[in-house]
Amino acid sequence: MSKGEVLLCRRKKDNEYVVLKVKKVLKFGIDGTVKSEGFIKAEHRLNLFEVHFLEKLAKYYHPHIVKLNAVWVVEKFYEVYIEFEQCETNMGSVMKTKKYNFSIREAADFLRQTLLALRYCHLNGIIHADVKEENLLIKDNKIKLCDFDMARQANSSDPRGLIPTQNNMNDFRYQPIELLLQTPLCGYGIDMYAAGCMFIKMFAGERQSTAEALYETFNKQEQLFVIHQHSGPIHEWYFRNGGNPDNLTSPVHYAPKYFKPAVGFQKFFDFLPNHPTLLNLVSRMIECDLNKRIDALSALNHQFFYVVASEESCNN
């Protein structure tokens, strides 16, 4: 177990404010026992993964990835210090301030920037694996993707980046079916699914409690119920992708006999704007089947963005 904290600091050399992320390995376990040297070193190596991914992405500046300023590693004490640019706020705060009531143009702009960040990560063989509004910082009205603690190296020989599924991937709110039911493989699609879920929440407005109820639960059964309601039964997809039959009968997993009949995507998300290209894009981002889920580049080239740009130019 490691201890991490994020601090706002003022840099001495130029008096500029920066953010310092501090990661330390605790010498004692949860039960109070002293960890072995080997265990401490293993945890320290895990803490260095984020540094590896950040330095890889920092080789070329990208406007939608948080800027890495410097890294200090104190091997003797198993400590890591990472300095970033300071940002003004994050997407979570903006969503709450706007009461989940974005215009189509505003939401499209934020989604486009998020997709540009994900496209850059995926081009570099990185699955972020923790896409959520708190990890989308905002500076000068630009999205900056941050926090690569859970990031994974993708399989570069596979266009979907498929790697063995692991338990500690993605925020509990935005877990696609391959993580909820632990099918053998997952990839870049988990980032796309999470981005799609956030996009949906931007339009909840007065129904924000409904949107939060959909995604603010720790309960796997409830999350699977949401997927079942908008996408229908998952048996065929699940078995086609190597799912364990035991997971479909376990009471803590997917028990279809307890579920109400599926109502369909558009009816379930009836608070979304009646905008055909928007509905098509969102449904493809949260597609159950990871083999059919849209990738970042295809999403960026989706007709939705062209239609929104055209509507905006007509209005002007």
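The legends below describe close-up views of a predicted model.

**View 1. Packing of helix 3 against helix 5.** Helix 3, which spans residues 104-123, packs with helix 5, spanning residues 189-201, at an angle of about 170°, and their axes are 11 Å apart. Angles over 145 degrees count as roughly antiparallel, and helix 3 and helix 5 are therefore roughly antiparallel to each other. On the side of helix 3 the contact is made by A107, A108, L111, T114, L115, L118 and H122, while helix 5 contributes D191, M192, A195 and F199. Sorted by class, the residues in this contact between helix 3 and helix 5 are 8 nonpolar, 2 polar and 1 charged.

**View 2. The salt bridge between D147 and K21.** Side chains of opposite charge can pair when their charged atoms come close. D147 forms a salt bridge with K21, and the closest N and O atoms of the pair are 3.2 Å apart. D147 lies in the loop between strand 8 (142-145) and strand 9 (152-153), whereas K21 belongs to strand 2 (residues 17-25), so the pair ties together parts that are 126 residues apart in sequence. K21 has a relative accessible area of 11% and is therefore buried.

**View 3. The salt bridge between K23 and D149.** The side chains of K23 and D149 meet in a salt bridge with an N to O distance of 2.7 Å. This pair also links distant parts of the chain, with K23 in strand 2 and D149 in the loop between strand 8 and strand 9, 126 residues apart. K23 is buried, with a relative accessible area of 5%, whereas D149, at 37% relative accessibility, counts as partly exposed. Salt bridges that share partners join K23 and D149, together with K21, E50 and D147, into one network.

**View 4. The salt bridge between E43 and K35.** In this view the side chains of E43 and K35 meet in a salt bridge, with 3.1 Å from N to O. Both E43 and K35 are buried. For the model, the count of salt bridges comes to 17.

View 5. V18 lies in strand 2, and at 4% relative accessibility V18 counts as buried. Although V18 and F84 are 66 residues apart along the chain, their C-alpha atoms are separated by 6.0 Å. When its neighbours within four places in sequence are left aside, V18 is in contact with L7, L8, C9, R11, N69, E83, F84 and Q86.

Conventions
Residues are numbered from 1 along each chain as its sequence is written. This is a predicted model: local features need pLDDT of at least 70, side-chain atom pairs count only at pLDDT 80 or more; totals for chains, interfaces and linings use all residues. Side-chain values use heavy atoms; hydrogens and water are left out. Axes are lines fitted to C-alpha atoms, for helices over the stretch in contact, and angles run from 0 to 180 degrees between N-to-C directions. Helices (H or I, at least four residues) and strands (E, at least two) are DSSP runs, numbered from the N terminus. Angles under 35 degrees count as roughly parallel, over 145 as roughly antiparallel, 65 to 115 as roughly perpendicular and the rest as oblique. Contact means heavy atoms within 4.5 Å. Ala, Val, Leu, Ile, Met, Phe, Trp, Tyr, Cys and Pro count as nonpolar, Asp, Glu, Lys and Arg as charged, and the others, Gly among them, as polar. A salt bridge is a side-chain nitrogen of Lys or Arg within 4 Å of a carboxyl oxygen of Asp or Glu. Buried means under 20% relative accessible area, exposed over 50%, partly exposed in between (1.4 Å probe, protein chains only).
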